[in-house]
Amino acid sequence: MRTRRPLRIRSLSNSWSLAGFLWMLMLWPGCGPDHTGGGKADGNVPPHNECDENGATRCSPDNRAVETCTQGENGGLEWTVSTACKAGLDCQDDTNGPHCLCPDSCEPDAIRCDGNTVQTCSDSDDDGCFEWGDDAPCADDEVCQYGICLVQGTIALYVSPQGDDAWSGSLPQPNEDHSDGPLASMIGARDTVRAIKQTADWPSPVRIFFRNGSYPITEPVEFLPEDSGTVDATISYEAFPGETPVIDGGRPVTGWTVADGRWTTTIRDVASQDWSFAALWVDDVRRPRARTPNEGYRHIAGTATPANQAFAFQPGDMEPWSNLDDVVVEVFHSWATSLHHIASIDTSQHIVSFTGPARWDFGRWDPAQRYIVHNVYEALDEPGEWYLDRHTGVLTYLPKSEEDPASATVVAPVAKQFIVISGDPASNQFVEHIIFYGITFLHTDWQPGPAGSSAGQAAVDLPAAIEITGGRHIAVDHCRIGHTGTYGLWFRSGTQDSQVVQTEFFDLGGGGVRIGEQQTAASPAKEAGNNRVDNCFIHDGSVILSAAVGVWIGRSSSNSVTHNDIGDLDYTGISVGWSWGYAASTAHDNIIADNHIHHIGRSVLSDMGGIYTLGVSPGTTLEHNEIHDIFSYRSGVGAWGIYLDEGSSNIAVRNNLVYNTKTGGFHQHYGQDNDVSNNIFAFSHECQIRRSREEDHISFSFTRNIVLYNDAWLLDGTWQNDNFTMDSNLYWDLSGNPILFGCSTMAQWQATGHDTHSVAADPLMSDPYGLDFTLSPQSPALALGFVPFAQDNDDFGLYGNPVWVALPDAIQRTEEPLPADATPQVMFDGFEDTPVGQKAGHGAVTSGETAQATVRVTDEQAAHGVHSLKFQDAAGLDHTWVPYFAYFPTYFSGTIQGSFAVRLGPGAIFYHEWRDQQSPYDAGPHITIDAQGLVAASGQDLVTVARNEWVQVRITFDVGPGGNGLYDITLTSPSIGTQTFTGLGNPGAVICGLRWVVFVSNADAATVMYIDDVSFQAL
């Protein structure tokens, strides 16, 4: 049985560190509570059994046990034995409290060899004594060395923060006279292995064990073909058992002074231009650079020239700040973000210009495009923000209330990457058979170049903290990669048969893992393929570039992405393929299976998917994935569970559980011959299934699926031609509304040849609102051929060690609610609860505003109450139909009545229209009032109204299958009284529901008009 994951309140700043703590518990299972009890017992306690301090401990009168003061059966406090000492051992009360003396004490979790058996120090008897005990004998072909079983002939090296790269590395700790001992760094270990490979002792497996502690780096460690192992002599860089070595690309920041509530320090290497950084962590939590605004976004006011390198801003939103060349402007496009350095700010014309272009013209996707300004000293006003002055080297931090400069650990990144593996595929020179196991990699930096950064999709301009080019049989296993400025790991050109398994990626400037390149490989040797991403936990990415992806596969084939938990990203969970259209693709036979993909989009970007594909991909399968909570920007479109984008073809989509998405469980933009079968698509908020393009071939086969929803649309997009196959599906609307396929009832839809054997019926699930989609044995879906698949939480995502599997649930977040239960929809907005100067609320979207043209709530006029919505228009705008605002009601069928009041100033032109949800849409009622006050609807002149008076408008219209295309309008004003006009519209034109209602100021002049008392209801 599946159960709903618990409701959590998300804390982005701390989520990774809690996961890290649980990770450490997994690596060190011996850690646990102190068994010695509470405080020390009073030495003067009388020998009788009574005591007076609950939880106190003492040695028993005969010193043969530890006793604890507890509540007895009679309610009084008495001494009871909590730990009995072993025979012949006494209890001793010293600075450690009462405890049994141990004959052979040792450090908890330490390991050693006893002959050819590994012994581990533990309190196996739970008596407070940590003693050596047998753990496991080494195999016949192994030898025990320093507590590790090594295959005979294996060469073991050790690395320690107390080591020296001039030593041999053959000892795990320095010898007594410090003449030999472990190595000190990964570079030292690599170079020692190079020397070993020149001796007669090689080829033999080489295992390099890193002891506990930090290993600072300033540049990535590079591995070349000469550093390779072989299939029988692998080279592994791994954590010493039970310990956690950290390869650290950061540098502590110290020397703080405190004044006026701010911490400051001068960093000499920054002042000398030898160092600069764009990230900072305080007590292991990333802190943001000073930004404006602190929450939400600024919005552009209009376009400028050149359109992709400048825009107009609202007065006061940008200023000629000090150190303007340090400022970075983050601009949000539909499915991407761009970062820009400022070239100039014109405060008289309110124009900002950048040093380099964006990929798209500003305002293309949204006339009121969003942006944030980062790294502004004058914006340093929120606890947790910081600012680095690159010219003086002064770092300023505005601390949180609980932080103390004397105890806080502050780290800034120095290194750009951790590891770079550099084979040469063009000359068949590969780096092979290297393993990285159990190592933590922390802190890297990334900053956009002088021209900024503007990738077309998926933040593909970002490098990765670990990059592998020309690698063969490279493994990253049981590692942690976090606090990066980039992607975590990249299997690049020529990397094949490599893997990353059971690795956590967290606090990522970009995404988790990339496989392949953007270009088709010039030769088979340069192809990246047959790589594996399995059982990885990838979370809390998109910190610097929101468009980064959890796992990205470019032009690469035969990869598998399985059993991963991928979440908390601003764009897409898994992206497969990098070809637009039907050209031959080099991304095929990729397997995406058993993943848990969730909390994607986070209402930041748009046009995304839990799983997103591109191009012709024969052999690619998306199977048995759990995908949920996929939400795009509130006024953007496109947040689908599974999204087959441009040219996606020959893909199998099977046995997936998809629920709680914004705009659909499944979407195909365009493609050919995809098989979508045996999936459950549930609870999309707007539409369930979308098809975006009519084509001459079969788009997809949609069979044996269950589509469950409540009070939302079933189909979205374009379904006019018959080039798709749908059959043997079960559809059910829990709200009780009729199942409608666009404007067609199910019977009408089936008469066209679609869904001939499908049914509209309750699937009889255990508890769909509780996210238990288990089918009853009597479910009608089974009769259609639906084959139940595993749906328990444990069947998707991580597997293995219970502590590892539990890590994702340690992250706290606010869950997106499921669509609300169906209720009669009545909408009213008199703008009384919206503050003056703000945009309209209640789900309305305002668009096309500039510095001169706005749509804002005002108290200048009101039809009722004291507020209305004021449209201030302007001359010379890019489009006369801006500014405007729109509502998105959801009425499927029946008689809908809408009403509002409008007041036009001199020269104002008003336009109002109702649309359905199809693509292309059909328009229903529409009304105009021109500059002379003439009211017209559907090409008919109705009446002339006066300027500067409130005109009440009421429209009545039938939508859905019962509609006839005709509507009535009633107008009321002081100048005309009340007049009703009937039978307007296009007879016989059926409008498929009501989805979009728009109010437009349509003048090309500085005019004013007001809207008030907007109401919609089903009669």
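Q: What joins strand 6 to strand 7, and which way do they run?
A: Four bridges join them, and the two strands run antiparallel. Strand 7 covers residues 117-122. Keep in mind as we go that this is a predicted model.

Q: Which residue in strand 7 is the bridge partner of arginine 112?
A: That would be glutamine 119.

Q: And what order do the strands of that sheet have?
A: The order is 6-7-8, in an open sheet of three strands with antiparallel pairing.

Q: Which ones are the edge strands?
A: Strand 6 (111-114) and strand 8 (131-137) are the edges, as each of them pairs on one side only.

Q: By how much are neighbouring strands turned against each other?
A: On average by 40°, if you ignore direction.

Q: Nice, let's switch topic. How many cavities of 30 Å³ or more are there in the whole structure?
A: A search finds four of them.

Q: What volume does the largest cavity have?
A: Its volume is about 80 Å³.

Q: Which residues line the largest cavity?
A: The lining is made up of Tyr709, Ala712, Trp713, Leu714, Leu715, Asp733, Asn737, Pro738, Leu740, Gly742, Phe892 and Gln917.

Q: Where does the largest share of that lining come from?
A: From strand 64, residues 713-717, which supplies three residues.

Q: How do the lining residues divide into nonpolar, polar and charged?
A: Eight are nonpolar, three are polar and one is charged.

Definitions and conventions
Residues are numbered from 1 along each chain as its sequence is written. This is a predicted model: local features need pLDDT of at least 70, side-chain atom pairs count only at pLDDT 80 or more; totals for chains, interfaces and linings use all residues. Side-chain values use heavy atoms; hydrogens and water are left out. On a 1 Å grid over the protein atoms alone, a cavity is a set of points where a 1.4 Å probe fits but cannot get out, and a pocket is an open set with protein on both sides within 12 Å along at least five of seven lines; lining residues have an atom within 4 Å of a point. Grid points are joined across faces, edges and corners, and a volume is the space filled by probe spheres set on the points. Ala, Val, Leu, Ile, Met, Phe, Trp, Tyr, Cys and Pro count as nonpolar, Asp, Glu, Lys and Arg as charged, and the others, Gly among them, as polar. Two strands pair if DSSP finds at least two bridges between them. Axes are lines fitted to C-alpha atoms, for helices over the stretch in contact, and angles run from 0 to 180 degrees between N-to-C directions.
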